[in-house]
Every structure is written in C-alpha cells, then in structure tokens.
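Keep the viewer open as you read.

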Amino acid sequence: MDEIKDVTLIGLATAYVFLLILLSLLRREKVGHQWELLLSTFRMTIQLVLVGYILTYIFDNPSVWFSLIALLLMQGFAILNTFQRVGNVPRDMKRIVVVAMFIGTGITIFFFVLWVFRVEPWFKPQYFIPLAGMMIGNSMTGITLGIDALLGGMKDNRALIENALMMGGKPSLIVKEVSGRAFHQALLPTINSMMGMGIVFLPGMMTGQILAGAPPLLAIKYQIAMMLGILGSVVLTVFVVIKWGSATFFNHRAQMK
Amino acid sequence: MFKLKNIKFRDILTVDELELKAQQVTCIVGKSGGGKTTLLKLLNNLISADSGTILYKDREIDTYNPTTLRREVMMLPQQPVMFSGTIRENFNKTLRFTEREPASDEVFKDLLQQVGLNLPLEADTKDLSGGEKQRVALARVLLLHPETLLLDEPSSALDDETEDFIISMVVDYTRKRKGTLIMVTHAMSVAERFADVTITLFDGKIQRVDTLNGTL
C-alpha cells in the first residue's frame, strides 16, 4: 500500500475558500439559504474535528468499553434521529424500534466483525467503530422509511382493515399488504445503491480506501463484505420493526387502536 | 343469544338491558347518531364497552377469541371497502384473511348471482358503482357462511327495487339456514315487513322494542 497522501491545512483552507466564493455568489444572486450552508459547514467541521480527536484517543487506547460505549452512542443517536424524522411515533412502536435496532444491527455487527472481517481482538476500534457505524446508519435510514410507510399505510387503509376485521380476518394476515409495501420502501435505498454501485458511483468506503492508497481489488473485497453487512443489517432491523410493529396497531381484542 | 346489561360506550350508547334472540330477524332503527352502528360494533367485538356486560351464548363476549367470534358473528359496514384488485381477488383475499380453503370460480359466480350482480370476476372493483360495491361486499360475507349477520344499512346505496331484492334475499338466506340477522336500517318499511323484533334507538338509548306480539 502506498503511503497515505496527507491533506495539508492550506489545502483544506482552499476548500473553505471555494465554498465562501459559492456562498457570496448565492448572496449576490439572492438565492438565499447561505446561512443554512454556513451553519451545516460549521457543524460538520466541529463534529468531525471532535470525532477525529476522540477516535485518535480510542485508537491509541483500545478497550472493550470504549468500543461498546461508541456502539451505544451511535445506536442512541440513530434511534433519536429516527423518532425526530418520522414524528408522532406511537409509544409502543418506539419500543419496537429500539428493540429492532439493537437486535438487527447487533447480530449483524458481531457476525461480520467475528466471522467475515475476523477482527482481532473483536473490539479493535479501527474496524469495530466504522463497521458498526455504517450498519447502524443504513439501518436507521431503512427503519425511518419503513415505519413512515407503515404508519402512513395503516392510516390510509384503516377502513379497509376494520372491514376485514369485522369478517373475522386475522390481523397479521390483513396487514400483510401494508407491511409488505413498508418493507419494500425501507429497502429501496439499499437496493438502489447496490444496483448502481461501481457503475453509477464508487461507494464512499471504497473511495476512501483507494484515496488512502489501497489497491482497488482489496478495496472492493471490503466494499462487497460491507455491502452484504449493510444489507443484512437493514433487512433484519426492518423485518423486526415491521413484523412486531404491525401488531402494535391492534389491542389484545384484535381491535384497531 | 346476546344479553346486554348496563352497557355504556362513551356518550354514544347506553343500554340498561337488552336481549337479542337467535334465529330471529332484528331490525335496529332510529335517527343517525343514535348509536345503531355502535351497537353492531359492540356485538362484533370490534369495540368494547366502557362498562357493563355483553353475554354471547351465555358467556362473556370478552372471553371469546375475538377473531373466532367475528367468524360466527360477522359485520358488514355501511360503506364497505373493497380490497384492491378484481372481484375474484376480493373473494380470494376474504378467504385468505379468514384462513379458509380456496374456492372455485363457480362458487364466486353463484354468490354474485345471489346478490343480483351480472359482472365478470375479472372486473376491477375500483370501477364499480357504490351499489355494486355494497353487493360485492355482501357476497364476500356470504362466502364465509356466518351464523349471525350484522348488517349496517346494507341497502343504503341501492335503489328501491334492488333494496327490496337484496333484503328479501338476505332474510330468506338467514331463515333457511336458521341463522340470525341483526340489521340497521333507515327504512321503517323494511323493519315492518321483515323484522321479528324492531329496536328503536334515540340519542344513544333504547326508546322502544317492538316484537310481533307487541311492544316491550
């Protein structure tokens, strides 16, 4: 592997200058939104600098606890973000989201870390944290789309579902169409990204490795394994949330809440 | 078959005492907002009363498995919703949702004939008129042979002639099978002609119960 080419501070500063020129253009043309762009750039910079220092510390002092705390923090942010983005998530459904995230991503992360990437020791933060982050991040997107579609579908089909209940329909069978559509919606971004991968775009992780000097054939092996991990994690998480979440729309008398 | 005691559901319905007998045709009449649909939903266990007891075959209704109960005591709402797809798909989905064995096209065609519809099974339900949808929905229910039928204004979208045909058919069907029919209707004429018992609801309370032998 070639030595990693550093980005100099002057190089980084030039990138900011590029953005500032764009912002002044937006201002002159009265397009607006320049404050949003400025704020997001500022936040991104601060967040990444902080993460950079934290990761440096964790990488220099690897420990089971640091890796597990990082995992918990990522889960926590992902779950909160899901609740914020969907809005009005019923309490029962919130519980299922938490369980689904932990089961879906937990099983996949440990499976891939232990048996696919064979990281030793398993908590080695250079591997464990970014791998877990990618799976959690993608599962978060999947679960957000999934419950949004499920909540919308149940609301739109309320009369139809009640009609089927009145005839003695079994709730789990009645909601199958709605939950199937929600499952599809949730998986769509992952499926699309896999379909276009390597043709429409080069995935971020692979690009990063190549930029850092890794041979493309090694980079694709990582990327393939990672994509399978992401797919597995998204499928498992969304499956749990939709399977158990569909039941939360009914009470113990099979009546709609 | 049903015995209701001290039933209260929100501010919508209050029933001190009511008995609905098996193998009878009971009509529920009264102004809209009087609690008629709520009464049917309580019997179907689609909703539960805030207080009071409902006995079905001498057993508290809440002790039955709700899905099994509804397969015996089946309700058809006033504005039934079609499942997406063709008429055939509607029948098939009905069987699937209720865990029944698949049935043949002949069975489906007979049912359509029974409700007076001359439509192909391939017809998309989204193209049907309100009255046709109501009749397909009735056929869907008849496919499942329930012991008790709870019908909420089954002829609201039908013209007088078709209304007469449909109600006569359902009443005959029920009597032949020694079943029970409890029907909400806006038409007093229907109640007068077909009902063994007529219950008048007003403002969430039972105003009167008329039987063939007189008023209770």
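What percentage of the 257 residues of chain A count as buried? The value is 30%. Please keep in mind that this is a predicted model.

## Chain A in outline

Chain A has 10 helices and 0 strands, so written from the N terminus on, its elements read α-α-α-α-α-α-α-α-α-α. Along the principal axes, the C-alpha atoms of chain A fill a box of roughly 70 × 55 × 35 Å. Among contacts in chain A with a separation of 6 or more, 75% join residues 24 or more positions apart.

The domain assignment divides chain A into domain 1 (1–61) and domain 2 (64–247). The C-alpha centres of these two domains of chain A lie 28 Å apart.

## Where the chains meet

Chain A puts 16 residues into the contact between the chains, and chain B puts in 23 residues. On the side of chain A that touches chain B, the elements giving two or more residues are helix H6 (158–166) and helix H7 (171–174) of chain A. H6(A) gives the most, with 7 residues. Sorted by class, this side of chain A has 9 nonpolar, 4 polar and 3 charged residues.

## The largest nonpolar core

In soluble globular proteins, nonpolar side chains tend to be buried together. Here the largest nonpolar core has 106 residues, and the members that touch the most others are A:Ile143, A:Ile147, A:Val241, B:Cys27 and B:Leu150. Helix H5 (residues 125–156) of chain A gives the most to this core, with 14 residues.

Leaving aside neighbours within four places in sequence, A:Val241 is in contact with A:Ile96, A:Val97, A:Ala100, A:Ile143, A:Gly146 and A:Ile147.

## A helix of chain B

Now turn to helix H5 (residues 130–142) of chain B, which has 13 residues. At 1.5 Å a residue this helix should span 18 Å, and its end C-alpha atoms are 19 Å apart, which agrees.

Which residues of H5(B) are buried? They are B:Glu132, B:Gln134, B:Arg135, B:Val136, B:Ala137, B:Leu138, B:Ala139, B:Arg140 and B:Val141. What covers them includes strand E6 (73–76), helix H3 (87–97), helix H4 (105–114), strand E7 (148–152) and helix H6 (160–176) of chain B.

## Paired strands of chain B

Strand E1 (residues 2–9) and strand E4 (residues 51–56) of chain B pair in the antiparallel sense over 5 bridges. B:Leu4 has B:Ile54 in E4(B) as its bridge partner.

E4(B) also pairs with strand E5 (residues 59–60) of chain B, in the antiparallel sense over 2 bridges. Across this pairing, B:Tyr56 stands opposite B:Arg59 in E5(B). The hairpin of E4(B) and E5(B) has 2 residues between the strands, and B:Lys57 takes a positive phi near 50° there.

## A closer look at B:Asn6

B:Asn6 lies in strand E1 of chain B. Is B:Asn6 buried or exposed? B:Asn6 counts as exposed because it has 12 C-beta neighbours inside 10 Å, and a residue with 12 or fewer falls in that class.

Not counting residues up to four places away in sequence, B:Asn6 touches B:Asp16, B:Ser51 and B:Gly52. B:Ser51 is 45 residues from B:Asn6 along the chain, yet their C-alpha atoms are separated by 7.1 Å.

Definitions and conventions:
Residues are numbered from 1 along each chain as its sequence is written. Chains are lettered from A and ligands numbered from 1 in the order in which they are written. This is a predicted model: local features need pLDDT of at least 70, side-chain atom pairs count only at pLDDT 80 or more; totals for chains, interfaces and linings use all residues. Helices (H or I, at least four residues) and strands (E, at least two) are DSSP runs, numbered from the N terminus. The expected span of a helix is 1.5 Å times one less than its number of residues. A residue is buried if 20 or more other C-beta atoms lie within 10 Å of its own, exposed if 12 or fewer, and partly exposed in between; C-beta atoms are placed from the backbone. Two residues are in contact if their C-beta atoms, placed from the backbone, lie within 7 Å. Ala, Val, Leu, Ile, Met, Phe, Trp, Tyr, Cys and Pro count as nonpolar, Asp, Glu, Lys and Arg as charged, and the others, Gly among them, as polar. Two strands pair if DSSP finds at least two bridges between them. Domain bounds come from an automatic or database domain assignment. A nonpolar core is a set of buried Ala, Val, Leu, Ile, Met, Phe, Trp, Tyr and Cys residues joined through C-beta atoms within 7 Å.
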